[in-house]
Amino acid sequence: MEKLTFEFFGGAPVNATRAPALVGVVGSGNLEVLVEPEKLDGRCAVEILTAARGFGEIWKAVLEDFFARHKLADVRISINDVGATPAVVSLRLDQAVESFLGGVQ
Amino acid sequence: MTSYYEASARERLHALLDPGSFHEFLPPTDRVVSPHLVQLDTPAAFDDGVIVGRGRLDGKPVLAAAQEGGFMGGAVGEVHGAKLVGLLERARDEKPAAVLLLVESGGVRLHEANAGLIGVSEIMRAVLALRSAGVPVLVLDGGQFGCFGGMGIAARLCDAIVMSEEGRLGLSGPEVIETTCGVEEFDSRDRALVWRTVGGKHRYLLGEADALVADDIVAFRKAAIDLLNIKPDLSLEALTAEHDRLDARLKRFGACRDALDIWSALGIEAPEKLPLLEADGFRAAVAGRRA
């Protein structure tokens with residue numbers, strides 16, 4: 001297992017009263033993504049716990065693409081991953097943000 | 001129509017209860033995760049694979065839990081079990097109209113060994129204590145992973161079980177039987193065999209499931225509402241009657257080699273056609289024939 005953390009700057013803060021959102025499931029080739037509002041001085045903080053070691057560079061690339069699509073600030077994203085592919089990770093991240101911003105839970 | 005089978009545990013709960021009424025206890029943001037999986041270098045889920053909380057069903061207050069089969073087959077670990085036990089014990093204090101258990105579990109989470117086993121035994125004791133206190137416990141079983149092992153026992157300790165054809169209920173799961181007794185005894189890859197042995201239709205015919213519904217969350221909701229008035233009966237008379245019923249069932253069907261033999265013995269015409277029927281047609285075809 002490997003723990004990875006990333007931080008992104010320069011996004012737009014979201015309403016702090018927004019409800020957290022959880023999508024996905026911790027199953028083989030899948031992941032769960034929890035998105036929560038949190039005062040982080042404008043940062044978007046991402047923490048990943050993944051079963052697959054040694055993929056830090058790929059996570060970095062996938063998350064940079066994600067942040068380019070969704071410029072979030074004051075948001076904490078927590079991920080539990082069981083070897084999801086980059087495509088699945090991107091899909092879940094988009095789904096999580098849609099659920100979070102849409103307020104659907 | 002929303003498939004119960006395809007939905008996640010969280011989606012099932014939200015769609016089953018009155019809209020907007022669900023309030024989760026120990027939500028994922030609390031991060032009450034398994035302390036064991038981390039030691040085994042395995043990612044844990046923020047809710048440990050079970051969602052517990054309160055809500056309303058047809059306006060009446062209920063407590064409800066849903067197991068997520070996608071996380072470790074819905075297996076009961078220490079935290080998962082404690083959340084279920086806590087919900088059942090809370091119900092003894094709050095006296096809701098019912099507790100709903102949306103089961104989907106392979107049983108004990110073997111990674112957590114004794115902690116999981118103890119969790120399941122505590123669930124069983126809590127179910128019986130709650131029923132003794134007069135609060136009915138209703139089971140809904142229609143998920144992808146079925147309900148087996150310790151959770152299969154726990155389910156049968158409850159007041160009523162609602163199943164879809166897709167739901168499965170048993171003690172040892174098909175793959176466990178094949179592994180321990182051989183493929184000649186039970187071929188777990190023979191889907192028709194698996195479903196006619198542990199599937200919802202057979203459980204309904206044997207009298208173990210009280211309702212057989214279509215794979216539709218709304219149908220599960222209606223069946224649960226219909227069962228809200230059920231009165232738990234743990235009296236000696238009721239238990240003796242249940243044992244007599246099981247004894248008679250064993251005498252009647254004990255020599256059968258296949259579920260089809262039992263369906264024939266029940267007097268059902270063209271039993272081989274039962275797996276093909278939709279829920280409504282199936283209930284009509286077997287009316288008055290259940291064991």
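Where does Gly199(B) lie? I looked this up first, bearing in mind that the model is predicted. Gly199(B) sits in the loop between helix 7 (191-198) and helix 8 (200-205) of chain B.

Next I asked myself: is Gly199(B) buried or exposed? I count 26 other C-beta atoms within 10 Å of Gly199(B), and the cut-off for buried is 20 or more, so this glycine is buried. Leaving out residues up to four places away in sequence, I find Gly199(B) touching Glu165(B) and Arg168(B). I also checked Gly142(B): it is 57 residues from Gly199(B) in sequence, and their C-alpha atoms are 9.4 Å apart.

On to the sheet. I traced an open sheet of seven strands in chain B, ordered 1-2-3-4-5-6-7, and its pairing is mixed. Strand 1 (23-25) and strand 7 (211-213) of chain B are at the edges with a single partner strand each, so one side of each has no neighbour in the sheet. On average, neighbouring strands here are turned by 25 degrees against each other, direction ignored.

I then followed strand 7 of chain B to strand 6 (residues 160-164): the two pair in the parallel sense over three bridges. Across this pair, I see Met163(B) opposite Leu212(B).

Last, the helices on the sheet. Helix 1 of chain B lies across strand 2, strand 3 and strand 4, and I note about 165 degrees between it and strand 3. Helix 3 (residues 78-94) of chain B touches strand 2, strand 3 and strand 4 too, with its direction at about 25 degrees to that of strand 2.

Terms used
Residues are numbered from 1 along each chain as its sequence is written. Chains are lettered from A and ligands numbered from 1 in the order in which they are written. This is a predicted model: local features need pLDDT of at least 70, side-chain atom pairs count only at pLDDT 80 or more; totals for chains, interfaces and linings use all residues. Two strands pair if DSSP finds at least two bridges between them. Helices (H or I, at least four residues) and strands (E, at least two) are DSSP runs, numbered from the N terminus. Axes are lines fitted to C-alpha atoms, for helices over the stretch in contact, and angles run from 0 to 180 degrees between N-to-C directions. Two residues are in contact if their C-beta atoms, placed from the backbone, lie within 7 Å. A residue is buried if 20 or more other C-beta atoms lie within 10 Å of its own, exposed if 12 or fewer, and partly exposed in between; C-beta atoms are placed from the backbone.
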